[in-house]
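Subject: Structure handover

Hello,

Here is the structure for you to look over. My notes follow below it.

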Amino acid sequence: MIKQLYLFLFSFIIIIVSCNNSKQAEPVSNPPGYDLGKPEKYIMPDVLLEISGIAFRNGNADTLYAQQDEEGKVFALAPGQKKNRETRFGKRGDYEDIAIANGYVFLLRSDGTIFSFPEAELQSDHAGTVKEWEGLLPKGEFEGMYADTAAHLLYVLCKQCSEDKGSTMVTGYTLRLGTDSMLVRDAAFSINSDLIFEKAEKKKGRKQRFQPSALARHPKTGDWFILSSVNKLLVIVSAQWEVKGAYPLDPSGFRQPEGIAFDKDGNLFISNEGDELSNGNVLRFAYHSQP
């Protein structure tokens, strides 16, 4: 009887292990040119535990510029290095993204307020000529911003805006960059949230809403890569904001993805906030051009 019991338990364990292995063997869905399962990981210093937005200057990956959710500071460091420079631009607040364009640094607060100061002041520990741009965007929650230097535009995406309530669309706005970091509301655009979940095959179950965390434009293809921490998705849309693909992100590798950027060679960088047990990190995914 005991022997039969051991044989039953052994067979049960084998079945469980086999099921787990079969789950792990499922293919990972990857965006064209990238393998999301094979990143190079950069551990951030303790001060960037809550790293949010990230950016490069002119696509130069030698220096990563970042900010975090609570401090009104910009951090500059070489990827993989713990030593960093800090430039204070404002008081504590809920800052979500960073962009560098036309000689200026731009910071996005979650209420849609944008701060700017001259790029040269990144060499100091305190930015002396900070401008605050309020009222350019409608009331709502914003997390993603991208600067197009050539077009002189800032792109900002709603995470949750009242005008999107009850709609399947996610709205974004462009702000025109003038001289002396002047910002002027330019135009609006929209992305179909339902199409995103159809592409990701996550349509089943309760109704979902796409909540973007960050966006960046691919330097080689011109496509937009949009990140959502809430939905654990990486979404690709065309230059005309048409959904081309949506790729679920494994929570074990993407704990809280909040920032996205490309270097000039098309390599993809995604930042993740840390927690009580682990530091924040930035993941680098090498770009392999498609035939």
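Two strands pair if DSSP finds at least two bridges between them. Strands (E, at least two residues) are DSSP runs, numbered from the N terminus. This is a predicted model, so local features need pLDDT of at least 70 and side-chain atom pairs count only at pLDDT 80 or more, while totals for chains, interfaces and linings use all residues. Residues are numbered from 1 along each chain as its sequence is written, and side-chain values use heavy atoms, with hydrogens and water left out.

**Hairpins**

Strand 16 (residues 233-237) and strand 17 (residues 243-248) pair in the antiparallel sense. Five bridges hold that pairing. Val 235 stands opposite Ala 246 in strand 17. The two strands form a hairpin with five residues between them. Trp 241 sits in that turn, with a positive phi of about 70 degrees.

Strand 14 (residues 214-217) and strand 15 are antiparallel too, over four bridges. Here Leu 215 faces Ile 226 in strand 15. Six residues separate strand 14 from strand 15 in this hairpin. Gly 222, in the turn, has a positive phi of about 80 degrees.

Trp 241 is a residue other than glycine, with a positive phi near 70 degrees. Trp 241 is buried, with a relative accessible area of 12%. (Buried means under 20% relative accessible area, exposed over 50%, partly exposed in between; 1.4 Å probe, protein chains only.)

Asn 58 is also a residue other than glycine with positive phi, near 55 degrees. Asn 58 lies in the loop between strand 2 (51-57) and strand 3 (60-68). Asn 58 is exposed, at a relative accessible area of 58%.

**Aromatic pairs**

Rings of Phe, Tyr and Trp (its six-membered ring) pair if their centres lie within 6.5 Å. Planes under 30 degrees apart count as stacked, over 60 as edge-to-face, and the rest as tilted. By this rule the count comes to 15 aromatic pairs.

Take Phe 89 and Phe 117. Their ring centres are 6.3 Å apart and their planes are at 20 degrees, so the pair is stacked. Phe 89 is in the loop between strand 5 (85-88) and strand 6 (95-101). Phe 117 is in strand 8 (residues 114-118), 28 residues apart from Phe 89. Phe 89 and Phe 117 are buried.

Next come Tyr 146 and Trp 224. The ring centres of Tyr 146 and Trp 224 are 5.2 Å apart with planes at 85 degrees, so this pair is edge-to-face. Tyr 146 lies in strand 10 (residues 140-148) and Trp 224 in strand 15 (residues 224-228), so the pair ties together parts that are 78 residues apart in sequence. Tyr 146 is partly exposed, with a relative accessible area of 22%. Trp 224 is buried, at 0%.

Ring pairs also build a cluster: Tyr 146, Tyr 155, Phe 189, Trp 224 and Trp 241.

**Cores**

A nonpolar core is a set of buried Ala, Val, Leu, Ile, Met, Phe, Trp, Tyr and Cys residues joined through side-chain atoms within 4.5 Å. The largest has 20 residues. Ile 114, Leu 154 and Leu 183 have the most contacts inside it. The elements giving two or more residues to this core are strand 6, strand 7 (104-109), strand 10, strand 11 (153-161) and strand 12 (169-177). Strand 11 gives the most, with four residues.

What does Leu 154 touch beyond its neighbours within four places in sequence? With contact meaning heavy atoms within 4.5 Å, its partners include Ala 99, Phe 106, Ile 114, Met 145, Tyr 146, Tyr 173 and Leu 183.

**Disulfide**

A disulfide is a pair of cysteine sulfur atoms within 2.5 Å. A search of the whole structure finds one. Cys 158 is joined to Cys 161, S to S 2.1 Å. The torsion about the S-S bond is about -85 degrees, so the disulfide is left-handed. Cys 158 and Cys 161 are buried.

**Confidence**

pLDDT is the predictor's confidence in each residue, from 0 to 100. The chain averages 89, and 88% of the residues score at least 70. Residues 1-27 stay under 50. For that stretch the model has zero contacts beyond four places in sequence.

Best wishes
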